[in-house]
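Walk through this model from its overall build to single residues. Keep the 3D view open alongside the text.

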Amino acid sequence: MKELTDSSAVLHDTAVLRTRLSEDGYLFFRELLPSGVVDDVRAQIARILSDSNWLAPGTSADKLIASERAVEEGSPGFFGAYTAIQSTEAFHQLAVRPELLGLTSRLLGEESFAHPAHICRIAPPSPGASPTPIHQDYRFIQGCIDTLTTWLPLSAAPPEIGGLRVFAGSPRLGVLPVRAADGPGMMRAEADEEHPEWRTASYRPGDVLLFGSLTVHGAMPNRTRQLRVSADFRYQAVSAPMARDVLGTGKPHYHPDVPDFPTLTRGWASTTSVEIPPGVHFVDRFDPRLDEVPTPASRFFAS
Ligand SMILES: O=C(O)CCC(=O)C(=O)O
Ligand SMILES: [Fe+2]
């Protein structure tokens, strides 16, 4: 598979970044975040995984070798460990790092904020667990088309551990039809899995992959014995609409299997990392499996 293009050298050139994002559908930055900050979050998550017996007995927390108890997200046995991860303040603070808010604000051309549903992925080895099928985030996130996703490896992710791959140029395909599939999200976009423009990298903590809501992407199978740990966050302009959740707005990922923020944030120093700024307006959700979803106009992608 082709390599992702590293845009670190043009990090401060917003015009070049916008052009790359519209043409390729993604931006990749090596070491955008201090690796020490990411390592600290991983250490806190590793502690939770160890205390939940998700790590093989006798292996070090660094290696994250999976035990039999490590399960795919959403399965029975998942929510104890995941709730503890979701109550980890340092994990949520990653999402509102100035490097990420600054980058997304520059790209959007106005102030951005992070959706509070910050996602942590703990991907067990395949074939026991299925990798995230290829998809476009727009069907899941909705609201406005110009929502940007960042994907961050929290542990080293060489291709064999099944990190993210993106289909460069795919935003020009518009909102694609979907079929039911196994793995996180449970639906697969109708796109060419073998296209030569699929790209990935051997990721390291501190690296950041950013993409648009129409960019087709998915995870690769985890062919190691280790857990793959990563984070994904969503950013939008304060002036743009956000999709209302069925049970309210700005809830945690997997709420209500994961308790709401008043419980998760007990004892935190600050809850601003999980708050939606005042003035954001909300729109209803559509059924994400609908065949015909019109492609709204984007400030980045002409369709
Ligand atoms: O990490 C994964 O397996 C899926 C991530 C993803 O789909 C995303 O970041 O939008
Ligand atoms: Fe996604």
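Start with one stretch of this predicted model. Over residues 113–237 the chain is 4% helix and 34% strand. An unreviewed UniProt entry annotates residues 113–237 as "domain: Fe2OG dioxygenase".

Now zoom out. The protein chain as a whole has 7 helices and 14 strands. Its radius of gyration is 18 Å, close to the 19 Å that the globule rule gives for 303 residues, so the chain is as compact as a globular protein of that length. Along the principal axes, the C-alpha trace spans about 55 × 45 × 40 Å. Of the 303 residues, 44% count as buried.

The largest nonpolar core has 67 residues. Which residues have the most contacts inside this core? They are Tyr26, Ile45, Leu49, Leu209 and Leu227. Helix 2, residues 35–51, gives the most to the core, with 6 residues. Take Leu49 as a case. Setting aside neighbours within four places in sequence, Leu49 is in contact with Trp54, Leu55, Ala81 and Leu227. A second, separate core has 7 residues, including Tyr138, Ile141, Cys144 and Phe301.

Turn to the ligand. Which residues surround ligand 1? The shell consists of Arg121, Ala123, Thr132, Asp137, Thr149, Trp151, Leu164, Pro184, His217, Ala219, Ser230 and Asp232. By type, the shell divides into 5 nonpolar, 4 polar and 3 charged residues. Strand 4 (119–123), strand 5 (148–153), strand 11 (217–219) and strand 12 (228–237) each supply at least two residues of the shell.

Thr132 is one of the shell residues. It lies in the loop between strand 4 and helix 6. Is Thr132 buried or exposed? Thr132 is buried, because 21 other C-beta atoms lie within 10 Å and the cut-off is 20 or more. Not counting residues up to four places away in sequence, Thr132 touches Gly183, Pro184, Gly185, Gly218 and Ala219. Of these, Pro184 and Ala219 also belong to the shell around ligand 1. Lys2 is 130 residues from Thr132 along the chain, and their C-alpha atoms are separated by 20 Å.

The loop between strand 4 and helix 6 (137–141) also holds Pro127. The peptide bond from Ser126 to Pro127 is cis, with omega near 5°. The peptide bond from His255 to Pro256 is cis as well, again with omega near 5°. Pro256 is found in the loop between strand 13 (242–243) and helix 7 (261–264).

Most residues other than glycine have a negative phi. Tyr254 has a positive phi, near 70°. Tyr254 sits in the loop between strand 13 and helix 7. With 17 other C-beta atoms within 10 Å, Tyr254 is partly exposed. Asn53 also has a positive phi, near 60°. Asn53 is found in the loop between helix 2 and helix 3. Asn53 is partly exposed, with 14 other C-beta atoms within 10 Å.

Two more residues complete the tour. Ser87 is placed in the loop between helix 3 (79–86) and helix 4 (89–95). Ser87 is buried, because 20 other C-beta atoms lie within 10 Å and the cut-off is 20 or more. Leu264 is 177 residues from Ser87 along the chain. Yet the C-alpha atoms of Ser87 and Leu264 are separated by 4.4 Å.

Ala180 is found in strand 7, residues 178–180. Is Ala180 buried or exposed? Ala180 counts as exposed, because it has 9 C-beta neighbours inside 10 Å and the limit is 12 or fewer. Leaving aside neighbours within four places in sequence, Ala180 is in contact with Met186 and Met187. Arg289 is 109 residues from Ala180 along the chain, and their C-alpha atoms are separated by 8.6 Å.

Note on methods. Residues are numbered from 1 along each chain as its sequence is written. Chains are lettered from A and ligands numbered from 1 in the order in which they are written. This is a predicted model: local features need pLDDT of at least 70, side-chain atom pairs count only at pLDDT 80 or more; totals for chains, interfaces and linings use all residues. The radius of gyration is taken over C-alpha atoms; the globule rule is 2.2 Å times the number of residues to the power 0.38. A residue is near a molecule or strand if its C-beta atom, placed from the backbone, lies within 6 Å of it. Ala, Val, Leu, Ile, Met, Phe, Trp, Tyr, Cys and Pro count as nonpolar, Asp, Glu, Lys and Arg as charged, and the others, Gly among them, as polar. A nonpolar core is a set of buried Ala, Val, Leu, Ile, Met, Phe, Trp, Tyr and Cys residues joined through C-beta atoms within 7 Å. Two residues are in contact if their C-beta atoms, placed from the backbone, lie within 7 Å. UniProt positions are given in the numbering used here, feature names are shortened, and annotations may be inferred rather than shown by experiment.
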